[in-house]
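Biologist: I would like to learn how to read helix packing, cavities and backbone features. Can we take them in turn?

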Amino acid sequence: MRRIALFVAGTALALVLASGSAAAASFSAHGSVEQVYATGLPPGAEASLLDSAGQVIATRNANDLGGLLFRNVSPGDGYQLRLTANGETSGPLTVLTKPPAPPSTPIYDQTVPSDAYGYLTTRDGTKLAYSVHPPSDVTNAGGFGLPPSPPDASAPGPTLIEYSGYGYAKPDGPQSGIATIANLMGFTVVDVNMRGTGCSGGAFDFFEPLQNLDGYDIIETVARQPWVAHNKVGMLGISYGGISQLFTAQTQPPGLAAITPLSVIDQTQTTLYPGGILNTGFALNWAQERVHDAMPAGPDSGQPWAYQRIQEGDQTCADNQVLHPEAADLIGKVRENDHYVPEVADPVSPITFVDKINVPVFMACQWTDEQTGGHCPTLAEHMTGTDKKWFTFTNGTHVDSLSPEIYNRLYDFLELYVAREAPITKSALVQASAPPVFQAVFGIDGMTLPPDPIQQQPTYDLAKAAFDAQPPIRVLFDNGAGNSNAGWPYPGFERSFSSFPIPGTTARSWYVAPSGALANQPAAGSASESFIWDAHARPLTDFSGDTGSGAGGLWTATPDYQWTQDPGRSAVSYVTAPLSGDAAVVGAGRVDVWVRSSTPNVDLQATLSEVRPDGKETFVQNGWVRGNERKLDEAKSTLLEPVLSLREADVSALPRNRFAEVTIPLYYEGHVYRAGSRIRIRIAAPNGDQPIWSFSETEPAGPARVAIGYGRKMPSRLVLPVLPGVSTPTGLPPCPGLRGEPCRDYQPF
């Protein structure tokens, strides 16, 4: 049985917390970072927050558990909390500012055992649940013996933090976490639940500044433990646990050695509101799950593992539920922020702050990630605060950031920048233990790691020099076609580059022409082609099975996609002539179309595909736009990376009975269109081309008649970022086979 531990540094910690809290006879009040919270109040009791002059600045009622939280409180001293019923008032409270470094650092002298479940106290007194997993947690996993734990707590070992609002601190292993992988690589992992989730105290909000500062406090506390090698920790995680690294690393905690964000977003809005259209599939469902998980733990609410701990007598977990009802109204925030407001959107969009990250970074993302979406490559050009950074991009599903080629490099990076050891020291173990990992992640038996040149270097210095010499941008092409088994996550080939966007990229335009063609020049004169816009013409998604690694699941070798054809007249389609040579496309791109609609607003989806010489069609990428939000942000846009304004002030109805130019920004791709293939673009209502993204609140509410104009005065076109000089050593990939890119028989309109 794992030990329960809640250790604090006695008097020193009490002194730190005293500046921000005060206790009264019947309740406890605390100052936080631009917040004030209280516990122990009578359920439903009204209480007021007073400023230093005794003036009421806000009044609220306690929740049913006796907790209360005031947000957006200006930093300062002398605040008090007063119960309305009897006038009982707290002592003076200090509200802290946002700068990462706390007023005092003795709080980081807490003891965290090297193999335990427990609670770590942050700068505002909130207790976060954690679970420490040493490598011995997976001893003999899959039949492979692992090094034993250090013989005593003073023997240091390399350590990683995994941090999110999922059930990470669950003692027998994190929910949706990848701590086991790090254990197999010889690392201790400290899994921590964000405030307001699971057994952690506090109230949840989506990546609020306080949550990021908690990450700072976690890193500084863990880094000081005697069992942590070099008194520096790295961060590990995929998806939510990858995104949290970007938010935490921007605070620049001194104890942070490196980060490894996998399968992440670049901006909240590119996943939540692609093109200005609410993603009611994955994104909204994910937000609703966070609301559920942030509720107090009970038989039908909160995280089940937390409820189980409470039932088993964990009083700290029970006490920590008191502020969970104070969670921010996440769904309300989603609805209220359907347009871009910089002061709201930028703080939760990594693209705006990754320049502050100053530690080594290893990042991997997929162009066709069905959850986070294909937009994370924008982070590469904005991550200017460190010159130690490596990015791998590939087609694939959400978990393909753990595919064999990336797995090798992830291990190398962690060994060099966190463990500070030569990767060769544990290479044999990592190679031997990888197959059960891949079976669990992808549902595929028999996968192995390919040979890795970094792991063949005999010393740390030689290995680090070899790793550092690798170009920062790595593109894995044709993921799913690099093995005799179609759909196994191995690339057909790879290329590396010095930066992103890739130098030498050229903008190649194909213009809409008569008979559904894409031509090299605009057509003479002007013409148009119409379709009946109908968001219900096809199913919401192109997949309906298991979205993980179960039988036939989305992450397996050959998912059962149902990529349906467009019903007659429900879309328009344009294709190029057969390509005379291979065309490597790496980047975003755009579809510029002249649109006339029978309604003042219409949501559009562009679908890019490759029509192959063998009569098959392979999905490549999508783009979206809400017609009345078509205005581009000229300051942010380039020809190959258009950025919509999405500001409410820029909303403009489509003109009645005439054409208007509309740009549909495409999400990112890394695809080689083979010689003899044709490039196709389809324009229709949203839905039907993504596995779990969908749009059930499209505009207009019913069918509409939409015309696409073309010709010299209306030069509708497809623009793609073509990279000259990329040699292609492989032929057409199998169909199906490419991961995240369904394939079907081609049917011309």
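Modeller: Start with a pair of helices. The axes of helix α12 (residues 404-419) and helix α14 (residues 460-468) come within 10 Å and cross at roughly 125°. This is a predicted model, where local features need pLDDT of at least 70 and side-chain atom pairs count only at pLDDT 80 or more, while totals for chains, interfaces and linings use all residues. Residues are numbered from 1 along each chain as its sequence is written, and side-chain values use heavy atoms, with hydrogens and water left out.

Biologist: How are two packed helices described?

Modeller: Two packed helices are described by the angle between their axes and the distance between the axes. Angles under 35 degrees count as roughly parallel, over 145 as roughly antiparallel, 65 to 115 as roughly perpendicular and the rest as oblique. Therefore α12 and α14 are oblique to each other.

Biologist: Which residues of α12 and α14 meet?

Modeller: Contact means heavy atoms within 4.5 Å. From α12 come Arg409, Asp412, Phe413, Leu416 and Tyr417; they meet Tyr460, Ala463, Lys464, Phe467 and Asp468 in α14. By class, this contact has six nonpolar, no polar and four charged residues. Ala, Val, Leu, Ile, Met, Phe, Trp, Tyr, Cys and Pro count as nonpolar, Asp, Glu, Lys and Arg as charged, and the others, Gly among them, as polar.

Biologist: At what angle do α12 and helix α13 pack?

Modeller: At about 140°, with the axes of α12 and α13 (residues 424-442) 11 Å apart. That makes α12 oblique to α13. Their contact divides into seven nonpolar, four polar and two charged residues.

Biologist: Next, cavities. What is the rule?

Modeller: On a 1 Å grid over the protein atoms alone, a cavity is a set of points where a 1.4 Å probe fits but cannot get out; lining residues have an atom within 4 Å of a point. Here there are four cavities of 30 Å³ or more. The largest cavity holds about 70 Å³ of space. Its lining includes Asp534, His536 and Asn687. That lining has six nonpolar, three polar and three charged residues.

Biologist: And the backbone?

Modeller: Most residues other than glycine have a negative phi, and most peptide bonds are trans. In this model, the bond from phenylalanine 500 to proline 501 is cis, with omega near 0°. Proline 501 sits in the loop between β19 (493-497) and β20 (506-513).

Biologist: Where is serine 263?

Modeller: Serine 263 lies in the loop between β15 (256-262) and α5 (268-272). Its phi is positive, near 55°.

How values were computed: Axes are lines fitted to C-alpha atoms, for helices over the stretch in contact, and angles run from 0 to 180 degrees between N-to-C directions. Helices (H or I, at least four residues) and strands (E, at least two) are DSSP runs, numbered from the N terminus. On a 1 Å grid over the protein atoms alone, a cavity is a set of points where a 1.4 Å probe fits but cannot get out, and a pocket is an open set with protein on both sides within 12 Å along at least five of seven lines; lining residues have an atom within 4 Å of a point. Grid points are joined across faces, edges and corners, and a volume is the space filled by probe spheres set on the points.
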